[in-house]
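Here are my notes on the model you sent over.

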Amino acid sequence: MRHSKAVAALVITAVFLSVCPAVVSAGEAADFWLKIEAESVPLSGRVTTFDDPSASGGQYIYAPSGSPLNTASGELNARYTFSVPKTDAYSVWIRLNAVNQGSDSFFLKEDESEVGFELISLPVTNGWEWVNLKAPVLTAGEHTFSFKYREANCRIDAWMISGEADIIPMGIAGTQSSIRPERRYHFNVPAGTRVMAADETLANIAANAADPRYAQMLAVLYARAEGRGANPPPYDFITTDKNDGWLRGTSMNVGYLAAAYRLRSDAAKRAAILTKLNAWVAGICAYPYWGRENVENCDLVAGHMLYAMAIAYNWCGSALNAEVRETLYETLQTKGKAMYRATWNAMNGRLIQQPLQNHRWICLTGLAAAGFAIADTDPQGLDWLQRACDLYEETLFDMGGDGASHEGIMYWAYGMASLLRFTDIARAAGVDYYGTSEWLQNTADYGIAHVLPENGLAVNDVINFGDSEPDNAADGNEMPAVLRKLAREYGVAEAQTVADLLDAKRLKGNNADLCGILWYDPSIEPATLAGYKPDMYFGDMGIITSRGGEGAEQSVVSLICAPYMGHRVWELNTAIPPEDWGAPHVHPDRGHVSVYSNGDRILTDDGYSNKYTENHNTLLVDGAGQLGGGGGAWFALSEELVAAKPQILQTRFDGGVTYAALDAAPAYPSSAALAKFRRHVVYIKPNILIVADDISTPKTAQLRYFSGGEITTENGVITINGANTTTHYQSFTGGASVSQVTVRNDKTNAEKTVKAITVDKPSGSAEFLSVSAFAWANKGETPPRVRAVPTGGNTWVITTDTKAFELDLENNTLVKTFAVAATSRTVSGVVLQNRLTAPLQGAIAYIAVRGGGNALTKVYADALDFTALGEQVLPLPPDAQTSEIYVWNKTSLEPLMEVSR
């Protein structure tokens, strides 16, 4: 399938200026279609014309040479003057040939705007292409667009201004062509059909208001409607405020009021709510636009506003004041049309073009809700529904089947709430996606896996890969409502259980309270979480979560390693830049591992912070991190990143043990000269983690481990002291220390110094092996003892007091074994008392011989043949200083034999 190219750029405010004006005018705005040849006005400075038979008019303009400019400080190169017949929104297009990322930008200015010139950076094109810049509102009369050089060889052929969003220029002549989609679905939206909930659903909720969960949610809803909704909406409209959360909250209050009006039974309270609702609707309709500058009427705020206002019109329209109702209807038409136009608009609708970005999901939901609300009286509402369905299907197609999200669990919950609203709207119109999307069917487990056990809910909440806050990420946002909906649709009772746990801690939130009420199914009995999928592997996104132990004190180990944004994105496409899919919330954290236990983050992630590998529990090479990092948003346009395929090579989930082998080297730039970064993670449940890193680079390298606890060195042992746990760290290969390291792990991008456990690669050889263990216990208890010794051939034997394993770093295998301690340190032989109930072939014995660097020497290799029951004598070298003996069969998971002498 083909995806629209999004624009990685600042957005223009409208159009441009000129050295010597060329004035053109035309007829009515709806039929307005004006093409301007770029070379039709006098040019100045380094910009000149060039002949090209494939260009419109046979020529284009460009600067043949010159270094890129960071600001619009150069001279004016061209000014275009034109007239429009009436005040309206107009689409602005450019015919462009941008051969690479070094020739795709220029500076633009609309009229005599005080804002000044803005940087316009467009997609790399495949030859000459028409690219949509924006749909600005232009007043009737004359306007100017000014153009200044920024990059050499940015070839511009022609401009086109259209008065109809559904007309785009095509081909060399810019011939008009309709892009209004054919309606593939015969939507059924009869008059009186409700957005999101049928009348009987609302009546059923009101009738069951005494149900404890309904009562709790309704109490919060009413408090919001009658509390925060008490005052009229704020009129101090801020057009330049990038933090537009106040506008989102404004839209949510409308949803609270509309729902409270429909669900309240007390007549006096309903009347008071209706008065407030009239005031809020009238106030919001009076706003000049919805959202902040440059994304007005086409981003998150507009999506939320459209949804809430559609609810108000659809649920309460007949009760609203007649003038308010008419104004609301016209506002839905106007703002819905603007959102619809933005879905075709590569510049103004940049974020809507990104299929995996939560911005698209919120915008589509608002568009669909508005279209649904007016469809019985305005046919364009059906066009909006069709367009929303087209883009939604593109999103579902692009999603990996594992149900996971690259944006992190917080954005999953936020975006999922809108995706599920949209899916409900589509179903009400006659299109049902619940049974056809593998991603939707599996996504409940992603939510369940990322909510921490009960002791973590008070302050920690979630596993926070991607942009998710470590604290309160699930606190009252959309998580409980989303989980209730997925429980209802797919019968995952455990999702209802997790929603109950979250609500029991604190029932807060956005208009998720409304969805929580609509989506709650009291017939689903919560199920115990004990034993529910303790090990989950989300293969597309390369995420593993593994739980050990019981109840509230349960431990969770999690890790991530996959191509950025998942495998499927790169299977579908290898050309479109990652940000055009919606990648800003990705972190450069391949190989990162986290540990949580009993309310403590023993190994922690960096949460919603700026995107640096230095903040994560993974590798730095010469102090530098992985591809795409740096700044507040993760972006990467390099060919290296497109080719990068970090991945999980091997997994094993075997009851009490989880094993994963990760190949994280492809996540790093070629400058790291990283021939190998193979990470092996062994989680021995409930409280031991082994991390073995096999690295090859001639450069300096450092492994980092960050903790939510206090890292100290006590009696030579590195210890992590948490509020409820104590963790001992051991390095079996040396080089580990407690260090003060520099990080930028918040949104300010400010450097700060924090403690971390670091393992530094020694100078000399390019080969670097680090084998470490974390063992933890509840406060006041002693963590378990862990031992690890090499056997040669890049193989290690790892033992605890009750278990032993052979870890083969070369072949990515983990074999569970059985270990027992020898009764004497100096012996000439050991008798192996065979306790097998059947003959066994292929047993292996290892002996740790002291004095030789503590190397573990394999005395017998497949030599012990227990074909008959009885004793076997294992002779030892006369000078052997034995500490432990291991005997096992590689395929067995049970103890094999005792050791005695």
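**Notes on the model**

1. Let's start with a loop residue. Asn598 is buried, at 7% relative accessible area, which is under the 20% cut-off for that label. The residue sits in the loop between strand 18 (593–597) and strand 19 (600–603). Its phi is positive, about 50°, although Asn598 is not a glycine. For background, most residues other than glycine have a negative phi, and most peptide bonds are trans. Keep in mind that this is a predicted model.

2. Now the overall picture. The protein has 901 residues, and 59% of them count as buried. Its secondary structure comes to 15 helices and 42 strands. Taking contacts between residues at least 6 apart in sequence, 73% join residues at least 24 apart.

3. On to the core. The largest nonpolar core holds 179 residues, and Met196, Trp315, Trp412 and Leu689 touch the most other members. Helix 5 (residues 300–316) gives the largest share of this core, with 13 residues. Another core, of 32 residues, lies apart from that one; Ile61, Tyr80, Leu96 and Phe145 are among its members. As a general point, nonpolar side chains tend to be buried together in soluble globular proteins.

4. Is Met196 buried or exposed? It counts as buried because its relative accessibility is 11%, and the cut-off is 20%. Leaving out residues up to four places away in sequence, Met196 touches Tyr307, Ile311, Trp315, Arg421, Asp424, Ile425, Cys515, Leu518 and Trp519.

5. Asn188 and Arg427 are 239 residues apart in sequence, yet their C-alpha atoms are 9.9 Å apart in space.

6. Next, a helix pair. Helix 7 (residues 358–374) packs with helix 9 (residues 409–428) at an angle of about 30°, and the axes are 9 Å apart. So helix 7 is roughly parallel to helix 9, as angles under 35 degrees are classed that way. Their crossing is left-handed. On the helix 7 side, the residues in the contact include Trp361, Ile362, Leu364 and Phe372; among those they meet in helix 9 are Tyr411, Tyr414, Phe422 and Ile425. By class, this contact has 13 nonpolar, 4 polar and 1 charged residues.

7. A second pair to look at is helix 4 (residues 267–285) with helix 6 (residues 322–342), packed at an angle of about 40° with axes 10 Å apart. That makes helix 4 oblique to helix 6, and the crossing is left-handed. Asn278, Val281, Ala282 and Cys285 of helix 4 meet Val324, Thr327, Leu328 and Thr331 of helix 6. Those residues divide into 5 nonpolar, 3 polar and no charged.

8. Pro686 lies in the loop between strand 23 (676–684) and strand 24 (688–696).

Key: Residues are numbered from 1 along each chain as its sequence is written. This is a predicted model: local features need pLDDT of at least 70, side-chain atom pairs count only at pLDDT 80 or more; totals for chains, interfaces and linings use all residues. Side-chain values use heavy atoms; hydrogens and water are left out. Axes are lines fitted to C-alpha atoms, for helices over the stretch in contact, and angles run from 0 to 180 degrees between N-to-C directions. Helices (H or I, at least four residues) and strands (E, at least two) are DSSP runs, numbered from the N terminus. Angles under 35 degrees count as roughly parallel, over 145 as roughly antiparallel, 65 to 115 as roughly perpendicular and the rest as oblique. A crossing is left-handed if the near helix is turned anticlockwise from the far one by less than a right angle, and right-handed if clockwise. Contact means heavy atoms within 4.5 Å. Ala, Val, Leu, Ile, Met, Phe, Trp, Tyr, Cys and Pro count as nonpolar, Asp, Glu, Lys and Arg as charged, and the others, Gly among them, as polar. A nonpolar core is a set of buried Ala, Val, Leu, Ile, Met, Phe, Trp, Tyr and Cys residues joined through side-chain atoms within 4.5 Å. Buried means under 20% relative accessible area, exposed over 50%, partly exposed in between (1.4 Å probe, protein chains only).
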